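Look at the model first, then read the notes.

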Amino acid sequence: MAEAAAIRRHNDTALADVFASFDVLVTPATTCVAYGYDEYATGVAAGDLCWGFNVTGHPAISVPAGLADGLPVGLQVVAPHGRDDLAVAAAERLLVSL
């Protein structure tokens, strides 16, 4: 538990440095396009980029970003702690621009 808490503190510090220069962080929601329900167990599924912000407790929201190879892809907007309003505002702007 102590090691997990130390990793969380490290990640919080690194993200605080990012948010000192940027209002929000926009990343892909996953590292690949959608895959079939039966492919997850085969190892075909790639990483989910949302879990890291779930762990640190940063407000984050995912939005559809269009299609890649005919499959849906999404973006994730992450904001500093306590700034849910920034995450939602940026997500709304991204949706309007699609």
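Where is the place of Thr27? Thr27 sits in strand S1. This is a predicted model, in which local features need pLDDT of at least 70, side-chain atom pairs count only at pLDDT 80 or more, and totals for chains, interfaces and linings use all residues. Residues are numbered from 1 along each chain as its sequence is written, and side-chain values use heavy atoms, with hydrogens and water left out. Helices (H or I, at least four residues) and strands (E, at least two) are DSSP runs, numbered from the N terminus.

**The sheet**
- Three strands form an open sheet in the order S1-S3-S2, with antiparallel pairing.
- S1 and S2 stand at the edges with a single partner strand each, so one side of each has no neighbour in the sheet.
- From one strand to the next, the twist averages 25°.
- Two strands pair if DSSP finds at least two bridges between them.

**Strand pairing**
- Strand S1 (residues 25-28) pairs with S3 in the antiparallel sense over four bridges.
- Val26 has Val77 in S3 as its bridge partner.
- S2 and S3 pair in the antiparallel sense over eight bridges.
- Leu67 has Pro72 in S3 as its bridge partner, and Gly66 stands opposite Val73 in S3.
- S2 and S3 form a hairpin with two residues between them.
- Asp69, in the turn, has a positive phi of about 55°.

**Thr27**
- Thr27 is buried, with a relative accessible area of 15%.
- Buried means under 20% relative accessible area, exposed over 50%, and partly exposed in between (1.4 Å probe, protein chains only).
- Leaving aside neighbours within four places in sequence, Thr27 is in contact with Gly74, Leu75 and Gln76.
- Contact means heavy atoms within 4.5 Å.

**Helix H3**
- H3 (residues 84-97) has 14 residues and reaches 20 Å from its first C-alpha to its last.
- That is close to the 20 Å expected at 1.5 Å a residue; the expected span is 1.5 Å times one less than the number of residues.
- Ala87, Ala90 and Ala91 are buried in H3.
- Seen down the axis of H3, its buried residues fall within an arc of 100° (directions from the helix axis to the C-beta atoms), so they line one face of the helix.
- The face of H3 turned away from its buried side carries the exposed residues Arg93 and Val96.

**Helix on sheet**
- H3 lies across S1, S2 and S3, and runs at about 15° to S2.
- Axes are lines fitted to C-alpha atoms, for helices over the stretch in contact, and angles run from 0 to 180 degrees between N-to-C directions.
- Cover for the buried residues of H3 includes strand S2 (60-68) and strand S3 (71-78).
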